[in-house]
Amino acid sequence: MLPGMSSPSPSLADAVRSTDGLLLVVTGAGISLASGIPTFRGTDKDAVWKRDVTELGTNRFFQAEPAGSWSWYLSRFDKVLGAKPNPGHTALVDLERWAKEQGREFLLVTQNIDGLHKEAGSTELVEVHGSAQRVRCSGRRCVNGAPKGSLPRASVDISAFRANPVDENVPKCPACGELLRQHVLWFDEFYNEHADYQWERVLDASERARLVLFVGTSFAVGVTELVTTAARHRHVPIFSIDPAGRAAAGISLIAEPSEVALPALVAALRA
Ligand SMILES: [Zn+2]
């Protein structure tokens, strides 16, 4: 909140309990920090990669250097794919269950591609930036229906590429032979790029939410701006759980780690 601004900040549990409609939760990288996953924004610390994530995480880079793009993602996803959900993820599963028991609508939208919400058991879930667990064909005329089709990453043999990461060894689509790509939203693509990103569902939820809870997001991407703007316009309560305290005006900040604040919220709701 900006200095000098004051706004009533009812306890999060009280606000959630009195919400009469859709409860919308939006998570970012902060919720996965306790699972050992580094944030994906900002300049890459790895000396091998001199360029910024906003340049490397693009379709433009993939088209120009497919092997470079795959190597860069493998170096990042290898850290992601071994990670486990933490108590923050588990608490959001419990919050969804509580909401259903209370007859409330619930939706979790995550910017994370680590798959930890799904692994924890969240079901009313939108992975709006895609998933590290899947890949898809880059061919525009794939017989498998690209760009719609996607494959589990585990089903693709990438051993040849790992042994010799050159363009010729980039994994190919089993249906048409075109290059496979990451099933993630790139910086030069749009949210409606792929049906799996469920952008229409996010738009609908942003217009109907009765309470918005951000968790561990730096408010740096389009989805947070969309949801925040819509919530402010409709005078919907907005909370942000973020130990770094980067919330903005009109947002009630809870400056705690999500793996602490979310289990506390569920405990308060159950009390
Ligand atoms: Zn294909």
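Two residues count as in contact if their C-beta atoms, placed from the backbone, lie within 7 Å. Helices (H or I, at least four residues) and strands (E, at least two) are DSSP runs, numbered from the N terminus. The model is a predicted one, in which local features need pLDDT of at least 70 and side-chain atom pairs count only at pLDDT 80 or more, while totals for chains, interfaces and linings use all residues. Residue numbers start from 1 along each chain as its sequence is written.

Helix 10 comes first here. Its 13 residues (258-270) should span 18 Å at 1.5 Å a residue, and the end C-alpha atoms do sit 18 Å apart, which agrees; the expected span is 1.5 Å times one less than the number of residues. A residue is called buried if 20 or more other C-beta atoms lie within 10 Å of its own, exposed if 12 or fewer, and partly exposed in between. By that count, Ser258, Glu259, Ala261, Leu262, Leu265 and Val266 are the buried residues of helix 10.

Helix 8 (residues 199-208) has its own buried set, made up of Trp199, Val202, Ala205 and Ser206. These residues take up an arc of only 120 degrees around the axis, which puts them on the same side of helix 8; the arc is that of the directions from the helix axis to the C-beta atoms. As a rule, an α-helix has 3.6 residues a turn, so residues three or four places apart point the same way. The buried residues of helix 8 pack against strand 1 (22-27), strand 2 (106-110), strand 3 (125-127), strand 7 and helix 9 (222-233).

Then there is an open sheet of 3 strands, in the order 5-4-6 and with antiparallel pairing. Strand 5 (150-152) and strand 6 (180-184) are the edge strands, each pairing on one side only. Two strands pair if DSSP finds at least two bridges between them. Arg136 has Ser150 of strand 5 as its bridge partner and stands opposite Arg181 in strand 6, while Arg134 faces Pro152 in strand 5. Strand 4 is mostly covered, with 7 of its 8 residues buried.
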